[in-house]
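I opened the model and kept notes on what I looked up. The entries follow in the order I made them.

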Amino acid sequence: MRNKTLFRISLTAMLYMMYFHIGYSLLLQRRFLTKLLIYIQEHNEYFGRLLQGKTITINNAMNILHGLPLLSKELIKEQGRQIYSDNITESWTNFRNTGGSTGEPLFFPICYLKSFYFDQELIHQAYLYNKMGCSVTDKIAAIDGSRINDEDVKNNKYWNVNKSGFPYGTIRYSTLHLNEENFIHYYNSINIEKPRILRGYPSGVKTFCQYLKERNLNLSFKLKAVYLTSENFDEELAAYISDILGCAVWGQYGHTEVSVFAYKKPHETCYYCSPLYGITEILDENGNHVKKGECGEIVVTGFTNVGLPFVRYKTGDLAIYGGTQRNGTVVISNLLGRSKDFVYDKQGEKVYLVGFIFGGHIKAFNDIREWQIHQKEKGKLVITIVKGVSFCQKTEDELLSFFEKEGFAVELIYRDKIEKTMRGKQKFLIQEI
C-alpha cells in the first residue's frame, strides 16, 4: 500500500513538472483559486461576508482575490471561530501551532482541500525531490527539532525512526541534544543508516558539519543532496555545508500555514514559488505590489487548508521581488528574513539583520558555533556566543570592530550553549524595544 501511495504521489509530481514545462500551470492555478474562493464563500462566515453576492468564475477569480483585504495574525485572532470553516466543530482535533519563535504564536485548525490524489504538500515535496535528482523512495535523514523521550536520551539515542520516511525523514535526529559530548552518537548512527538525502534546519546541519570539520571526520558514504528548510540561510553557509558534505545544497521556503512552497537551487540566491501550491504576492506597506528589484512583504494565499483559509495572509517575511515567469512562478530574488528581525541604532533607525550582518561577510562569523543578539536599548547590543574551536582574540576584535563601525555599543557574553525553541530552532534575535 505504501509503495502504491508513493508511486501515485511521484507520478502526480512528475505531471506538475510537465505542466510547468508546457505552460499549463497558470490555468491550473486559476482552477484551484476558483475552487478555494467558492468553498470559502459557502463555508466560511468571515470570507462569506466579503464574497457575498459575487459570482466567482475561472475568469474573474484573480480579480476577486485582489479585492479582498489583507489577513494578519491580529485579524485572525479578532475574528475567532468566524474565520474557521463551518465544518470545524468544537470537537475538532487537527490543529497546528506556528510563530512561537517570533513572539506571535497562532493556533489554527487544519482541514485539507485536496487536488488530484493528495494534498499539495506531499505533491510538492515529491516535486522538489525529483528536481534534486532524488526519488521519494530514497532514504532520508533529518536534523530537526524532533522530541526524544527520556529513556532514549539515557541510552544515547538522540533520534526517532519514522517507517514512512517520505517526505520528512526515515530517521530524524534532534537538534536539541546535538552538542560536543553527544555528537559521536549522531555520527555513528548516520554512518550506519547511510541516507541518500540529509534534510534539516540550516543551523542544525551547520553544527553537525562544524563537528565533522573540527574532528577531521568524513561520512563513510556519499550523499545525493542536502535539503535545508525551516530557517533562512545565505550562500556562504550553503557553500560551507556543500564543501564539508561533498554534495549539492538545496533550499526550501514554506510555512506551517501551508500557503507557500518555494525552492532554491544550488549556487543561487533566488527562490521559485510554485503557482500550484498557492498565490504569492510581494507587497509594500500600502498593500501595492512592488516592482521587480524592490523589497516588500510576502503575502500568500494557500490552496490546501480551508480549516482556516490563509487568503492574502501577511507572512511577516521580507523579500526582493524577482518578477513572475510565464508559467506563473513568482521569483524571490533574495529572501531577507522576517520584517521584525531588526535592531535599532543610536538614532532609533531600524537596521535589518540579514542585510546588515549576513551581508557583512566577515571571517569572524566562521569561528562562531552559535550566537544570539539581545537588544534592550537603542544603539546597544548584547551578543551571546558559543565559540568554535578556531575562535580567538582576533575573532573577538573583528566582531567588536564590525559592530562599532556601524555605531553599536556591544557586550559579548560567552556560553557553552544557547537555548533553542521548543521546535529545536535557533532564535537569533531577542528584541525588547
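Is E231 buried or exposed? I found E231 buried, because its relative accessibility is 16%; buried means under 20% relative accessible area, exposed over 50%, and partly exposed in between, with a 1.4 Å probe and protein chains only.

**Ground rules.** I am working with a predicted model, where local features need pLDDT of at least 70 and side-chain atom pairs count only at pLDDT 80 or more, while totals for chains, interfaces and linings use all residues. I number residues from 1 along each chain as its sequence is written, and side-chain values use heavy atoms, with hydrogens and water left out. Helices (H or I, at least four residues) and strands (E, at least two) are DSSP runs, numbered from the N terminus.

**E231, continued.** I placed E231 in the loop between β7 (225-229) and α10 (235-245). The E231 side chain makes a polar contact with the side chain of S203, at 2.8 Å. A polar contact is a pair of N or O atoms within 3.5 Å; within protein, one must be able to donate a hydrogen and the other to accept it, and residues adjacent in sequence count only if both atoms are side-chain atoms.

**Twelve-strand sheet.** I traced an open sheet of twelve strands with mixed pairing, in the order β4-β5-β3-β6-β7-β8-β9-β10-β14-β13-β12-β11. The edges are β4 (159-161) and β11 (278-283); each has a single partner strand, so one side of each is left without a neighbour in the sheet. From one strand to the next the twist averages 30°. Two strands pair if DSSP finds at least two bridges between them.

**Around β6.** I then looked at strand β6 (residues 197-200). I197 and R199 point one way, L198 and G200 point the other way, and all are buried. In a regular strand the side chains alternate between the two faces of the sheet. Strand β3 (residues 140-144) runs parallel to β6 and is joined to it by four bridges, with A142 opposite R199. Between β6 and β7 I also read four bridges in a parallel arrangement; V226 in β7 is the bridge partner of L198. On β3 I checked strand β5 (residues 171-174) as well: the two pair in the parallel sense over four bridges, and D144 has S174 of β5 as its bridge partner.

**Helices α8 and α9.** I asked how the axes of α8 (residues 183-193) and α9 (residues 202-214) are placed. They come within 11 Å and cross at roughly 95°. Axes are lines fitted to C-alpha atoms, for helices over the stretch in contact, and angles run from 0 to 180 degrees between N-to-C directions. The two helices are therefore roughly perpendicular; angles of 65 to 115 degrees get that label, under 35 counts as roughly parallel, over 145 as roughly antiparallel, and the rest as oblique. The contact (heavy atoms within 4.5 Å) is made by F183, Y186, Y187 and I190 of α8 and by F208, Y211 and L212 of α9. By class I noted seven nonpolar, no polar and no charged residues. Ala, Val, Leu, Ile, Met, Phe, Trp, Tyr, Cys and Pro count as nonpolar, Asp, Glu, Lys and Arg as charged, and the others, Gly among them, as polar. I also saw that α9 lies across β3, β6 and β7, running at about 135° to β7.

**I184.** I184 is in helix α8 and counts as partly exposed, at 37% relative accessibility. I took the separation of the C-alpha atoms of I184 and Y321, which are 137 residues apart along the chain, and got 43 Å.

**Backbone checks.** A cis peptide bond joins F166 and P167, with omega about 0°; P167 is in the loop between β4 and β5. N216 is a residue other than glycine with a positive phi, near 55°. I found N216 in the loop between α9 and β7, exposed at 70% relative accessibility. R312, also other than glycine, has a positive phi near 55°. R312 sits in the loop between β12 (295-302) and β13 (313-324) and is buried, with a relative accessible area of 7%.

**Four-strand sheet.** My last entry is an open sheet of four strands, β19-β18-β17-β20, with mixed pairing. Here β19 (409-414) and β20 (429-431) stand at the edges, each with a single partner strand, so one side of each has no neighbour in the sheet. Neighbouring strands are turned by 20° against each other on average, direction ignored. Strand β17 (residues 368-375) runs parallel to β20 with three bridges, and H374 has I430 of β20 as its bridge partner. Helix α12 (residues 393-405) lies across β17, β18 (380-387) and β19, at about 150° to β19.
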